[in-house]
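Dear colleague,

Please find the structure below, together with its sequence. The findings follow directly after it, and I would be grateful if you could read them alongside the model.

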Amino acid sequence: MAMAQDESRNLVQRAVIPTDSQKAVLEYFRSKEEERQSIKKYPEWDKARVCPATEVIKTRQELAEINEILKEKREEQKIRRKYMDEQWEEAREQQLQLRQSLIKFNTLVKENVEKRERADQKIKEEHERQEKYKQEIEELEQKLQYMRDVRDKMQQFVGEYRKYQNYLERVMNETDEFQTINEIFNRYETLIETRQTLSDRQDKNLQMLEEKGIKIHHLTETKTQVLMELHNKLEQLEERYDRAKVEALKWEMIVSKIKETAAAKNLELTQVKACCWNIYQQICKRKEIPVKVSSEDVEHQLVHIKRTILELKRIIKTVKKKAREEKVLLHE
């Protein structure tokens with residue numbers, strides 16, 4: 001039975017006790033308000049009469065209980081605060097110790113890194129110095145070998161040209177024209193320069209002749225091309241002249257035909273005008289009206305002639321109609 005009660009107590013959820021006193025008072029009054037709201041409402045006739053003195057006493061009791069609870073909470077808060085301050089001081093001391101040990105370790109690491117870097121730098125400089133010395137030794141050996149080769153070649157050249165020196169010395173001794181070997185060389189260089197000058201002058205003259213010949217050739221080709229173009233233009237102009245001559249003869253014939261046609265038409269027109277004027281005069285004479293239109297106004301003459309012809313047609317039509325009517329009457 002006791003074990004069952006312990007299990008039931010363990011299963012009950014404990015309320016979290018706040019450390020703040022104001023918050024604890026606020027939660028207390030809130031719980032009281034919830035208790036009031038959760039109280040069942042009874043009918044009016046079943047309610048107990050409310051007495052103000054009872055309410056005041058009850059409220060004072062509640063306030064006294066709350067004050068006791070607040071005192072307990074404050075004591076508990078002081079104890080916890082003291083405990084937390086001790087832990088905080090201990091953690092601060094540990095932090096300081098850890099910081100000092102980290103600073104020492106960091107200093108040691110930096111010193112070791114600097115020593116290692118200095119050692120690496122020295123090793124690197126030593127390697128570079130060794131490489132530099134090796135390169136200098138190789139360059140000096142190459143120069144020495146080159147100088148040895150030059151010496152050997154010079155000795156070889158001296159051996160090869162010894163006979164020429166002997167020859168020049170013999171020439172100098174046998175002739176009184178030259179006093180030293182340098183004079184022979186100077187004379188030789190002078191002759192070589194003179195020959196080179198003459199050769200250059202000859203090359204220059206030959207080049208000028210070639211350029212002149214090329215210019216004459218180009219000029220001849222240009223003039224020949226110009227003459228050919230002029231000849232072609234002349235042939236084209238002669239061809240155009242022949243075509244123009246043929247066209248001129250053609251148009252002269254056409255113009256002559258047009259003139260003949262115009263003369264014939266002019267004659268015909270003159271005859272027509274004369275006929276119109278004659279007909280107009282006869283019409284005026286027959287109608288016994290004066291001639292008002294001039295002989296050159298053919299248009300009005302034709303108008304009068306047309307009008308007269310229409311009148312004659314109407315008259316003829318009327319006469320034929322009357323003739324038919326009379327004929328019909330005679331037959332009746």
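This is a predicted model: local features need pLDDT of at least 70, side-chain atom pairs count only at pLDDT 80 or more; totals for chains, interfaces and linings use all residues.

Arg151 is partly exposed, with a relative accessible area of 48%; here buried means under 20% relative accessible area, exposed over 50%, and partly exposed in between, with a 1.4 Å probe and protein chains only. Its side chain meets that of Asp152 in a salt bridge at 3.6 Å, N to O, where a salt bridge is a side-chain nitrogen of Lys or Arg within 4 Å of a carboxyl oxygen of Asp or Glu. Asp152 is likewise partly exposed, at 37% relative accessibility.

Residues are numbered from 1 along each chain as its sequence is written, and side-chain values use heavy atoms, with hydrogens and water left out.

Overall fold

The chain has five helices and zero strands, where helices (H or I, at least four residues) and strands (E, at least two) are DSSP runs numbered from the N terminus. Along the sequence the pattern reads α-α-α-α-α. Of the 332 residues of the chain, 6% count as buried.

Salt bridges and a surface patch

The count of salt bridges comes to five. Besides the pair of Arg151 and Asp152, they include one between Arg81 and Asp85, at 3.8 Å from N to O. Arg81 and Asp85 are four residues apart in helix α3, so about one helical turn separates them. Arg81 counts as exposed at 55% relative accessibility, whereas Asp85 counts as partly exposed at 36%.

Another salt bridge joins the side chains of Glu126 and Arg129 at 2.7 Å, N to O. These two residues, Glu126 and Arg129, are three residues apart in helix α3, which also places them about one helical turn from each other. Glu126 is partly exposed at 38% relative accessibility, and Arg129 is partly exposed with a relative accessible area of 36%.

Met154, Phe157, Tyr161 and Tyr164 make a nonpolar surface patch of about 450 Å². Patches are made of residues with over 30% relative accessible area and no salt bridge, with like charges joined within 9 Å and nonpolar side chains (Val, Leu, Ile, Met, Phe, Trp, Tyr) within 5 Å; accessible areas come from the Shrake-Rupley method with a 1.4 Å probe, and for residues only the protein chains shown count as cover. Within this patch, Tyr164 belongs to helix α3, which covers residues 52–174. Tyr164 is partly exposed, at 45% relative accessibility.

Helix α4 and what follows it

Helix α4 (residues 181–287) contains 107 residues and reaches 151 Å from its first C-alpha to its last, close to the 159 Å expected at 1.5 Å a residue; the expected span is 1.5 Å times one less than the number of residues. Ile184, Cys276, Tyr280, Ile283 and Cys284 are buried in α4.

A pair of aromatic rings is described by the distance of the centres and the angle of the planes. Rings of Phe, Tyr and Trp (its six-membered ring) pair if their centres lie within 6.5 Å, and planes under 30 degrees apart count as stacked, over 60 as edge-to-face and the rest as tilted. The count by this rule is one aromatic pair. Trp277 and Tyr280 form this tilted pair, with 6.0 Å from centre to centre and 35° between the planes. Both residues, Trp277 and Tyr280, lie in helix α4, three residues apart, about one turn of the helix. Trp277 is partly exposed, with a relative accessible area of 22%, while Tyr280 counts as buried at 3%.

Tyr280 also lies 8.3 Å from Val291, C-alpha to C-alpha, and the two are eleven residues apart in sequence. Just after α4, Glu288 takes a positive phi of about 60°.

Helix α5

Thr308 is located in helix α5 (residues 298–331) and counts as buried at 9% relative accessibility. The side chain of Thr308 reaches the backbone oxygen of His304 at 2.7 Å. A polar contact is a pair of N or O atoms within 3.5 Å; within protein, one must be able to donate a hydrogen and the other to accept it, and residues adjacent in sequence count only if both atoms are side-chain atoms.

With kind regards
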